[in-house]
Structures are given as C-alpha cells and as structure tokens.
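Hi,

Here is the structure I promised to pass on.

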Amino acid sequence: MQGHDVDELLRQAESFHDACQFSEAEKLYRFILQGTHIPDKVYFLYGTLELQRGNFAEAVALLGVACEKKPDSLRSLNHLGIALHSLGKNDEALEVCSLALEISRDDISTLSLLGGILAGQGKYEAAIPIFEKAVRISSDNSEVKYNYALCLQQSGAPDAAFVQYNEILSVNPLHVQSLINSAFIEKERGNLIQAELLLQKACEAEPNNPDALYNYASVLVALKKYFAAEKLLELIVKASAGFCEAWNLLGRVQFETFRFEEAVQCFKQCLQLQPEFVQAYLNAGVASFEAGLFDQSVGYLRKGLELEPENAALHFALSETLLAMGEFTEGLQEYEYRLFHEIYKDKKYAIPRWRGEQLAGKRLYIFEEQGAGDTFHFIRFCSYLKSSGAYIIFACRSSLQGLIECSGLADEVVPDSDADIPDTCDFYIPLVSIPYVLGGFQKGLQMQGAYLQVPDSARLKWKGKLASYKGKKIGLVWSGNTAIGVNTKRHCMLRELLPIMRLPGYEFFSLQVGGAASELNELPAGIVVHDLGARISDFEDTAAIIEQLDLVITVDTSVAHLAGALGKQTYVLLSKIPDWRWHEDGDKSSWYPSTVLFRQKQTGDWAPVINQIIRRLTMNSVSGFTPENPLLLVLPSGENFGWGVCSKYLKKHLAERTSIKIYQKELGQEEIKNLAAFKAIADIHMKPAENLLTRASIGYTFFEFELPPEALENAREYDIILGGSTWNKQKLDEAGITNNGVLIQGIDPELFYPLPAKIDEKLFVIFSGGKFELRKGQDLVLAAFARLQDKYPDMILMNAWYNFWPQTMLPMHNSRHIKFDLHGDTWGDVMSYIYKLNGIKQDRVITLPIVDNTRLREVYARSDIGLFPNRCEGGTNLVLMEYMACGKPVIASYNSGHMDVLTDKTSYMLKDMKNFEEFDGDKRLIDWREANIDEIISMIEFAYHHRGEIRSTGERAGEYMKQFTWEKSAEHLLSVANRFAL
C-alpha cells in the first residue's frame, strides 16, 4: 500500500469509528495493521475501539503498543489505565496513572481515573485529595464533582458530600444519582420529607431506574406510607424479579401492615435469590412467628444461625418462638442472648455470675433489665432465692424502688446504674436470667396472689382522691411502648374502647402516660375519662391508684404486670400472637390469678375483644323484666327511615333477651301504669311521642336543633334520657338535663356486610345518601361535583336523597353553595331542575328512587366511595354506618353524631370545619358545623387517584363496624333499663 492510501484508509476508519460503525472501522484498522506502513496512531485508535466495545484484554495489548510508540501521549496512557482498571489490574493501572501525571500533573482524565481506582479499592481518604484537585481544576465537570462527593460520603463526611451534590443539582437539577445520594443523606439526618421530594424528582427523571425506585420505596417505608411503597416495590420486582433487596423490603412492608404470611413469601423469594442473606432469614423467622407458624419460624432462624452462629438477633428471635411453644429449657437458654445487646455493655463484673451455686449465707446482687413489666413479672423469683438463705441486693430504677422495698422481696433495694457491681457481693445475676439458672418457671409460679405492696407514702398521697366518684371505677391503659415489638401487641386506639366507656354505672380513669395520652383530647363530647396520667410521677403513684380501682383494663404493658402483681382484677387485651409469656390456653393467666386474658382472633382487630369485655362486664345484669312486668316499648313503626329502622331492630333484639310489650293505642292506662317504659321522644321540647303515665320512663331522643328552655322542665318526667349520640348527650348537659346517657344506633350484619371489590373500573362512582336537606349537606356534594365533572369525565354521582317531606328541603335556600328552587311534580323532576340550576350534567348523575333498606347493599356495591359532608347528625347517621359496614370507604364530616363512628383508620374525615349557626334574635336555633368545599374536593381527588388504598380503608371500616350492631344496642339498652325493673 502506498503511504497516501494508508492515510486515506485511516481517515475512513476514523470516520466509521466516529459514527459508531465499529465493525467497519475494525476491518480497516486490521487491514492497516497487516501492511508494512503502519501509522502509530492506528494502535491508539484501534485500542480505543476495543475499549469502547468492552474487549479490555485486546485494548490493553493495542494501547500498550501505542504508549511504547508515543510514551508522552496522555490519551494513550489514560485509555490504557482505564482498560487495565477494567480488567482488575489496578496496580498496573496506578503505575500508568503515575506516568501520565509525570507528563501533566493537572490532567483531569488521569486524576479522575486515579481517584476512581483508589475509591474502587475502598481507599476513600486517599482518593479525596485527588478528586478535590480535579474539582479545583475543572469546577464545572459534574462527573468529577460527583465522584468527589461520593468519596466524601463513603468516608464519613456526608455534610461535605451534600454540598457537592447540591452544586451539581444547581446546574443539572435532574442528575439522578446526585438526587439519590442526597436523599440518602437526608434520610440519615432524619429529614424524611426532604428525602422523599428528592427521590420523587429522581423517579420522574428516570421512571425505570431501579435504584431510584428502591430508595424512594425505602423512604416511604420510613415515613410509614406503606401503600405507596408497596406499589413501587411491586413495580420493581415485576421489572426485575432478581432484585433481592426489593423482595426483602416488600416483605417488610407487608409485615408492617400485618400481612405476615404474605411477608414470609417475599422473604422466601429473597432467600431463593440470595441463600446467604442472613437478615432475610431473621425477617422470615419473625414474620412466621407473627403468622402463628412457629415450626416454620424455628426453621428459618436455625438456618440463619448455620450461616452466622453468633448472631444475637437470630438467637433472641429463636428464644421468643421457643418460649411461645412452651420449649422453656432451650428457649431460656437462647433468651440469654439478649445480654449481647448494647444496654449491657457498660456493666462491670468483678465478681462471678451466679450459675446455681448454694446461696445460704451468700450475698447475691440482682439487677433489673428491660422494661418495668419484666421487673414486675420476674421480681417474684427474688423471694424464692431469699428463702434459700441468700442475702438479696436488688438494683432498679428509682421509680420502682419504693414498690420493691416495701414488698419485702429483697433485703436491700439500691439504685441501678452503670457503675461496677460491688465486690462485697458473692455473685451477681440479671433478673430475667434467674429462671434459666433455676431450670424453668415452676418454682416461681408457687407464688400466687399479690406479691407487690403499695408504699404507705403513696397510699397516703392518693387517699380519698377517687372516693367522690360514684359507680365502679375502671382504669384504662391503651398503649405501651410501641417501639417494642409489633405495634398491635401493645397498642389500640382509645376510641376503640368507646363501647366500654358508654356502659352505664362506671367511672373511667386514664392511667396512660406518654404520647398516647393525647388521644384523650380526641374523644367525642360527652364521654368522660378522668385523666390521672399527668399526675403520675412513678410506679408508686400508679400502684396507689390501682389499689382504689375496681378493675384495670389494659393492653400488654407494664401496668398489666403491676396490676396482676398487686392482685387487682385486671383485663388484658392481647394481640393474636402475643408476647411469649401470655401463650397459655384460655382466658386465665398462671402468672396472675386475678387477671383475665382477652385475645384477638384476627391481627389488628380489637372490636371482638372489646365486645368480649362488654359481655363479661354485663353478664351479671340478668334481665329483671318478666311476662308479668315487661318492658313497655313506645316506639314509632316503619321499615326504611330513621325511627322506623331503629324501632324494628330494638324490638326484635330486646324480645330475644327479655319480656317486652309493644304499646298500642287500645292499651289502657291501667294496664301500663306499673310498667317501666322505653319511649321515643317526639321533638326538641322533650315531649314523648305518646303522653303516657308509667312507673318509670326511659326516653330516647335524636335532635339537631338547640333545646328550648321548656325542654329542661319536660325532661324531669323521665328517669333517664338516652341520646342517639354523644353530641346529643353534650347538648343535654348544656341544657341542664343531667339524667342522661347514650344509646348508639346499629347495623344489621346480615344485611350490611363487606362487599367484594367493585369490578367496573371504567367509572368512578361517588355515593351520597340521606334525605335531601340542608342539614345533610347535599348542597356541598353538588357544589364539589360541579367543579369536578369536567376534570374527570369518568366520575359519576349516585344519590339516594328521596325526601317524603318537601318542607324540610326549603332551608336549602340558605345555602351559599348552590342555587335552589322546588320545581316539578315527581322526585326526578325536582332533582333534575336543581341539577340544571347548578350546571350539573344530567347524564353524570344517577338519581335513585326510594330504595328499600334491605336492598341498599346492592346500591353500595356499585360505588367507589361514600360522601357524607353532613352539617349535623343527632344520631350516628344510619346510612353512613350501613355503607361502612359493607366495607366501603367514606369521606365524612367529623362533627356531631359522626364523631361516634369515624376514625382515622376507617374513614377520610373532613376536619376543616367552621361554625354554621342560625339565630332568632338572641336565641340560637342551630349550632352546626360546615365542611370546606376545597377539602371535600381534595379528598375526592385523592380517592380517585388511590383506589387501592381507599379499598383497604373500606375493608378496615367493614371490620370496625362489626362492633356497632343492633344486637349490641339492645344489650346496652337492657343494661340501662334493668335499673328500673321490679
């Protein structure tokens, strides 16, 4: 080949190379290398091509020749260094970098390569000054700056790294890896919201980036936004089934949302991908335990221990499973691994640990550990050891000292601290290790009844403080330390105890301390729980209060153990899979004879547990009504509306429990004068529906307007008045009518029970029910829908607003949200005219005729969410309750009667409310609350875009409403009425 021909061929090869036509370029490079006139440049170009194609060995060979031909070529040296580094020949690559830096100390490419090699070897401290120099030379080079930031972050300087990431993002706001790493730093700082926003941007920039999606999901998990996290993780594992960490995190999400068996399957999938992932064995073992699969739990945990025999977390989890299975010998041995926890690291042991040696004449130092409940539980063993001749020195926190000291379980009670254990003792032992040394629990269980005593000082402090309260006194504790164990084991919402708090004849006292005590502020008006928690300074106070109570109702907390150790009658609410020490059959505890155990059947479902407690509290109240002296029911008749439905079910369920007589006009005064009567109250004047003279009168009222002065006088005719809601009770109290109580309406679980998921996803259907009137807030529904109908063409409004009494619709003229006028001969005509006035598209609204109560479930099945922005409800709103009972989610105003049935877990509550009042001169006629239209719209749009999440809320609502049945309403009414039976 002639020289000029070679040059031309090389130009053609470069042209192909630049155009990424690598095969064509390679043919020409190879052809040139076969000739006699070979330009030096071809070795660099061909080596670079092989480097680009990932053929690193070939690249090294060619680039090595290029460097020999031209030793001062920075590009050849740099590319050779990259190829060597890619082959893992880092020492040779570092030598090449040194040669390059001798030529130019400030070459950015060489500095970046050198820093990258050092960082890849984990030598971040050495890499940092290299990248720092590169950044000074080329401050606008985002790749160099990113690598510098990454080294800073990996070396333990996140703040400095964060500054660099921010500089990158100020130039390129969508630099995804900088967004991800900045989010990680924010997460470590505890700034989860900022981390979430950064990762949102990263995912928007690269929607399929698994690293961004996974980190976003992990932040959502930390924020407890489990539904959103689960959806992301499902996308990740669907796109990349081999993403082991994503399966593990998905399992964690399902674990946190109490779907333990599903969680186990995710951890199993993770382990199939990475059989040596020890943390996944731990997770699978714990999830199996919570699912009640104890044998499976043991299997996973033992497999993890084969990989890491000294993993204390695995041993401890295994201990809890074994103890729950009753395998006490091995379980107690494994339980000793708790001592590997960092809380024990500062204990100094200058004396030997007691391992079962004779104790007669010996001084034994015992220190408490873990929670106060553990101390109350295990302190019983001190008495046994003391009886064997040992001198017991017990060390505990100051809040327990007085209790332990006065109970005589130890010879000395001293403050616990991190100081050395005194060398004047012969042995030491942690309190919870005593049964392990003794070989089991049987010896400790010989101590029956009370073994703790209240100090005289605390008894004197609280003497007479509760004496003025009438009725039986019940102490309540609804939350323990939720940082310990699965949340449902130690926490239920205070509102879930409302059915207990409505029982007549009891006074309720909160012993709750900590953040959960704030739930007292969220109780419906009229429910009284006396807050003693703020006045409790130590467990001596708690014990002194418990001594004055008739009963303590508590979840699994230290108070459960304290009350049991004091011998006080105690009801303990337990999760489906409780702590190992409660894994006994039945409702009795072998630890505490005075304790009764109430167990969940489904994880997180407290309603049946609450109902069990109510039945136990009321089981001694046998009906005092007989065929000769029945309970007279003076109630309206009917089938479909308010009073009619209420009457129908109360009559039915009372008849199943006691002797009743239904009032009829033909009954004479003489026949009823000696009977106790349950009477519907006709109006806000507190006049009965029928003016009858009876031996005792129990009134039942639902009202929405302010009570007039004459109501107080008329109310004196009743022995007690039951309001349909706690809001009614509050209004009775305000009017001076103090002989009152509450009787909540119910649902028929045979008619209204959870529905299968709505199949048709083409339309999003909003249901609204209740007679069309200002009080029910349908004007707010129409105003919200008018603003949404154009934005969401698949959104439909379905209503059951039929109103037999047109005059009650007239106050709609006072609405500032819609135009209103009564026009038309039929219900359809009336509503069509109102839609037209307000610009509502007729084809987007389904106007139902009157629907029989027994068929409403079919209506609810066709909708996605219920909307109830009622301004006031004297009762609890039957339509709302029945809709929720069908497992459907609701958006509802959090006011008046709604407050008795709505919770954050089971509904979407409208809380941005403002006063809606009406006056006649100085006289207030109504005292209602009106929801904010913007909040209603926001809630609807959230529901529209999160259909899976609202379905989950609906499912929880269906379970929750099982505690509100007409059967329970009848039982409650009977417990009140029995007071007036002969």
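The sulfur of Cys 425 sits 13 Å from the closest cysteine sulfur, that of Cys 382, so the two are too far apart for a bond. Cys 425 is buried, with a relative accessible area of 5% (buried means under 20%, exposed over 50%, partly exposed in between, with a 1.4 Å probe and protein chains only). Cys 382 is buried too, at 0%. The structure holds zero disulfides (a disulfide being a pair of cysteine sulfur atoms within 2.5 Å). For Cys 382, the nearest cysteine sulfur belongs to Cys 396, 9.8 Å away.

Before you go further: this is a predicted model, where local features need pLDDT of at least 70 and side-chain atom pairs count only at pLDDT 80 or more, while totals for chains, interfaces and linings use all residues. Residues are numbered from 1 along each chain as its sequence is written, and side-chain values use heavy atoms, with hydrogens and water left out.

Next, the sheet. Six strands form an open sheet with parallel pairing, in the order E12-E11-E13-E14-E15-E16. (Strands, E, of at least two residues and helices, H or I, of at least four are DSSP runs numbered from the N terminus; two strands pair if DSSP finds at least two bridges between them.) E12 (660–662) and E16 (740–742) are the edge strands, each with a single partner, so one side of each has no neighbour in the sheet. From one strand to the next, the twist averages 25° (axes are lines fitted to C-alpha atoms, for helices over the stretch in contact, and angles run from 0 to 180 degrees between N-to-C directions). Strand E11 (residues 631–634) and strand E13 (residues 676–680) run parallel and are joined by four bridges; in one of these strands, E13, Lys 679 is the bridge partner of Val 634.

Helix H34 (residues 726–734) packs on this sheet, touching E14 (696–701), E15 (720–723) and E16, and its direction makes about 170° with that of E16. (Contact means heavy atoms within 4.5 Å.) Helix H41 (residues 966–977) lies across E11, E13, E14, E15 and E16, at about 165° to E15.

Ser 725 is in the loop between E15 and H34. Ser 725 is buried, with a relative accessible area of 0%, and a polar atom of its side chain lies 3.0 Å from the backbone nitrogen of Asn 728. Not counting residues up to four places away in sequence, Ser 725 touches several residues, including Val 742, Glu 873, Gly 897 and Asp 900.

Which residues other than glycine did I flag for a positive phi? Gln 370 has a phi near 60° and Ser 896 one of about 40°. Gln 370 lies between strand E1 (363–367) and helix H21 (372–378) and is partly exposed, at 27%. Ser 896 is in the loop between strands E21 (890–893) and E22 (908–910) and is buried, at 5%.

Finally, the cores. The largest nonpolar core has 66 residues, and Leu 364 and Phe 394 are among those with the most contacts inside it. (Such a core is a set of buried Ala, Val, Leu, Ile, Met, Phe, Trp, Tyr and Cys residues joined through side-chain atoms within 4.5 Å.) Another core, of 60 residues, lies apart from it and includes Leu 633 and Phe 868.

Cheers

Methods:
Polar contact = N/O pair within 3.5 Å; in protein donor to acceptor, adjacent residues only side chain to side chain.
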